[in-house]
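Please open the model in your viewer and keep the selection panel at hand. The stops below are meant to be followed in order.

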Amino acid sequence: MLQLLSPTISYPSPLFHLTSHPFPPKPHFCSTHRLSFYLPPKMASFSGFLAKSQMGMTAGGGGGDGANGFSSLMDYVGKGGLDVGDDLLVLLYHIQFACKRIAALVASPFNSALGKHSALTGATSGAAASDRDKPKPLDIVANEIILSSLRNSGKVSVMASEEDDAPIWINDDGPFVVVLDPLDGSRNIDASIPTGTIFGVYNRLKELDNQPTEEKALLNSLQSGTKLVAAGYVLYSSATILCASFGSGTHAFTLDHSTGDFILTHPSIRIPPRGQIYSVNDARYFDWPEGLRQYIDTVRQGKGKFPKKYSARYICSLVADFHRTVLYGGIAMNPRDHLRLVYEANPLSYLAEQAGGKGSDGKSRILSIQPVKLHQRLPLFLGSLEDIDELESYGDVQQKVNPGYEV
């Protein structure tokens, strides 16, 4: 039987000393191999399919076989559930642990209490447009939280992140490669708009093991999206939701703050084949190509293949806009070369396809595009299969004009 221990991690923010569990009931500590671990009073069993919460609930199997029909994330993907394998199970445990810490950090009152200039987000009112894409301290804190968890998992050879210029080689023996955007939408935090973490998991390419470290780290990170073994996002909003796929459907779990568990709330999600919502910054309308303008004009007048008028919903937070699209259908898009293929477009397209939807650059399937650079950018269209097929039929939908935008 595997037993997972939650590592105690110190985070590099002077305002936070988050060395305790984010849900700290009666901690117990032990030391092993020079690391201090936190032992929660409740642990899920990996050999069986049972987890008891502090409330006395029993989480049942993947089909909700427990006394109250609740299934935790670790139960659902463990033996008796999807059974993703011990290595991936350990990795997932450490990823979800890190994301709980990020959720606590993002929700901290210090984010809104520091006034016009936030020491956490680095956002200053009236900041120059040239600063809009610079990494902010909170992004870096989130990145280091995840890196610490991946190191402690012992299951990751390479981490490639939006916040790092090059991939980081972690462990020669780690079976997995993790690509990620640690905190997408961090510019929105001061306004309490949802943010998220995006991640993808690949198998390590063992045939590259004898290559120089920098070379094998990069090549492992540039795998085609068709080779993903798992992907997911975590939405930090009114609820903290982890949505993931391991190649057998897309499933969403909501964080229960009373127990610290991610509880299965949306099993086997299916994106509706047709929605009635489009999500895009249409203030850019006059910079769009003719095909995209025609498509938007057509569907919002109810003159497309679906004879109802579409509505616009746009948050300008990729994870939030995609999450709504997954649940309600429609299409979420950024038509210019802005979003990153490796750690944004590929993981989200994988989730979309596993839910019966589609990810496209306006011409081609996202997962079929071979990355050539770690931070490679491209247009991205995600959502309902029929909506994206109709969009692609208009031909010219990729925005080439990019004059630079201040907001």
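In which sense do strand E16 and strand E18 pair, and over how many bridges? Select residues 331-340 for E16 and residues 377-383 for E18, and you will find them paired in the antiparallel sense over 6 bridges; helices (H or I, at least four residues) and strands (E, at least two) are DSSP runs, numbered from the N terminus, and two strands pair if DSSP finds at least two bridges between them. Before going on, note that this is a predicted model, in which local features need pLDDT of at least 70 and side-chain atom pairs count only at pLDDT 80 or more, whereas totals for chains, interfaces and linings use all residues. Residues are numbered from 1 along each chain as its sequence is written, and side-chain values use heavy atoms, with hydrogens and water left out.

Within this strand pair, select isoleucine 331, whose bridge partner in E18 is glycine 383. Widening the view shows an open sheet of 5 strands with mixed pairing, in the order E15-E14-E16-E18-E17, where strand E15 (311-312) and strand E17 (358-360) are the edge strands, each pairing on one side only.

Next, go to serine 317, in the loop between E15 and helix H7 (318-328). Serine 317 counts as buried because its relative accessibility is 1%, where buried means under 20% relative accessible area, exposed over 50%, and partly exposed in between (1.4 Å probe, protein chains only). Not counting residues up to four places away in sequence, serine 317 touches Asp184, Asn188, Pro194 and Thr195.

Now turn to the open sheet of 8 strands, with mixed pairing and the order E7-E6-E8-E9-E10-E11-E12-E13. Strand E7 (168-169) and strand E13 (261-269) stand at its edges with a single partner strand each, so one side of each is left without a neighbour in the sheet. Inside it, strand E8 (residues 176-184) and strand E9 (residues 195-203) run antiparallel and are joined by 7 bridges, with aspartate 181 having isoleucine 198 as its bridge partner in E9. Helix H4 (residues 137-153) lies across strand E6 (156-161), E7, E8 and E9, at about 155 degrees to E8.

Methods: Contact = heavy atoms within 4.5 Å. Axes fitted to C-alpha atoms, helices over the stretch in contact; angles between N-to-C directions.
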